[in-house]
Amino acid sequence: MQEQLDQIENEFKSLHDDEHEFNDSQKPRFAFAILTYLAYLIVPSIIVLLILAGSRDNSFIFKQASAVEMAIESAFSDVNGVLIIKTEDMPAFKPYQKILMPAYEKDGYTVYLNSYASFFTNEQDLGNVEVIIVDYRYQTVLTEQGFLTLISREKTNWANSATVNLYIAESSIPDFLPNETVSYLTTNNLLLEPSILINDTFSDIFSFVLYAAFSGILIVLLRPSLAKDLDPLKKIEKSTILGQTGLGVLYLFAGGIITNVIVSLLNTTLNIPEEISANQLSINRSLMGPLWFVMVIVAVVGAPIVEELVFRKAIFGLIKNQTVALIVSAVAFGSIHITTELLEGDMLLALTSGLSYIISGVLLGLIYIQNKKNIYMNMFIHGAYNLVAMILTIISLM
């Protein structure tokens, strides 16, 4: 009996030795793959700066945004922001119409709140907002009390501790705004001025081309690893692959549910305002644009290829200790999805925003280990999960 156990152990030992030997030979490729991904994170900003320096008049790439448009853009990106503009100035742009919610009207101006804000329930308890029915739908609006406390800056924080930011164009200051508030906004350079914005269409196409280019580079770079994983995959029944993919997607959604509970507890305990991540807000905006299918392709095909090759194949290939590799890959995977929050320096918000991505990274790492480090299974599961998430998001945005 012992001899049989020793024989089995030796057989598995040879397999592990072969794997380590292969990974050791591929380490330079794994390292270059990670460097390539870092380049992917940096290169777009450099390209945009170069284009801005030489082609700022190109209407396909840039648009000259008025002060009002800058105020709208700022409020769109700030879930806790308050936008005050002339009612006639709100453009018929679906993302704006969907995300920015009219909450109060006065003297030809409309006050907008971000529909992703999380303070509505608490503010309703304080009497600052109320829920009404408009066209058979529930809508949150400001009460007279809530409106006055905002424009007078009596309220500088929402009930969930988030900072109240007023977004008003310098060219369109309402007469009903108190002089003290106007003085404060002027002194602190908070009145929005005309500037240059990147066109959404160019942004979507630019992102797609970059993702395609870097995906190709990573595939070529890690071709030996992809070829090595292909043979075992061919031996698995298609029904088994489909079943494992479905099970993996369920694991990821279950992880998301658990994460939401943990995040809610952290937000309550640490008094952190709940916010949608900047990454998700950007995705939602693209999904409401004319090139929404480009975002779907990137999320369902591009992201699983790039992220699995870098965060699973490359990192696990460089780090022999699986536990360490799992932690490093999960934290790195979470961090790249919350770069905006990290750059803003709000570590607590970055933690709560990034926790779902980190836990997803842990689950994808465990799936990778469970499937004997076959990267294709991770790509299938990651892609299927993103596809379901895209469908659910598109339905919610209709």
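Guide: The count comes to five salt bridges, a salt bridge being a side-chain nitrogen of Lys or Arg within 4 Å of a carboxyl oxygen of Asp or Glu. This is a predicted model, in which local features need pLDDT of at least 70 and side-chain atom pairs count only at pLDDT 80 or more, while totals for chains, interfaces and linings use all residues. Residues are numbered from 1 along each chain as its sequence is written, and side-chain values use heavy atoms, with hydrogens and water left out.

Visitor: What makes arginine 285 and glutamate 73 a salt bridge?

Guide: The closest N and O atoms of arginine 285 and glutamate 73 are 2.7 Å apart, and the limit is 4 Å, so the pair qualifies. Arginine 285 lies in helix α10 (residues 278-287) and glutamate 73 in helix α2, so the pair ties together parts that are 212 residues apart in sequence. Helices here are DSSP runs of H or I with at least four residues, strands are runs of E with at least two, and both are numbered from the N terminus.

Visitor: Why is arginine 285 called buried?

Guide: Buried means under 20% relative accessible area, exposed means over 50%, and partly exposed lies in between (1.4 Å probe, protein chains only). Arginine 285 has 14% relative accessibility and therefore counts as buried. Glutamate 73, at 12%, is buried by that rule.

Visitor: Which residues do salt bridges with shared partners join into one network?

Guide: Arginine 285 also forms a salt bridge with aspartate 200, at 3.1 Å from N to O. Aspartate 200 lies in helix α7 and arginine 285 in helix α10, so this pair ties together parts 85 residues apart in sequence. Aspartate 200 counts as partly exposed because its relative accessibility is 27%. A further salt bridge links glutamate 308 to arginine 312, with the closest N and O atoms 2.8 Å apart. These two residues both lie in helix α11, four residues apart, about one turn of the helix. The network itself consists of Glu73, Asp200 and Arg285.

Visitor: How do you know that helix α2 is mostly covered?

Guide: Eight of the 11 residues of α2 (residues 67-77) are buried. Among them are Met70, Ile72, Glu73 and Phe76.

Visitor: What makes the contact of glutamate 123 with asparagine 128 a polar contact?

Guide: A polar contact is a pair of N or O atoms within 3.5 Å; within protein, one must be able to donate a hydrogen and the other to accept it, and residues adjacent in sequence count only if both atoms are side-chain atoms. The side chains of glutamate 123 and asparagine 128 meet at 2.7 Å, so the distance falls within the 3.5 Å limit. Glutamate 123, in helix α4 (residues 120-125), is buried because its relative accessibility is 0%.
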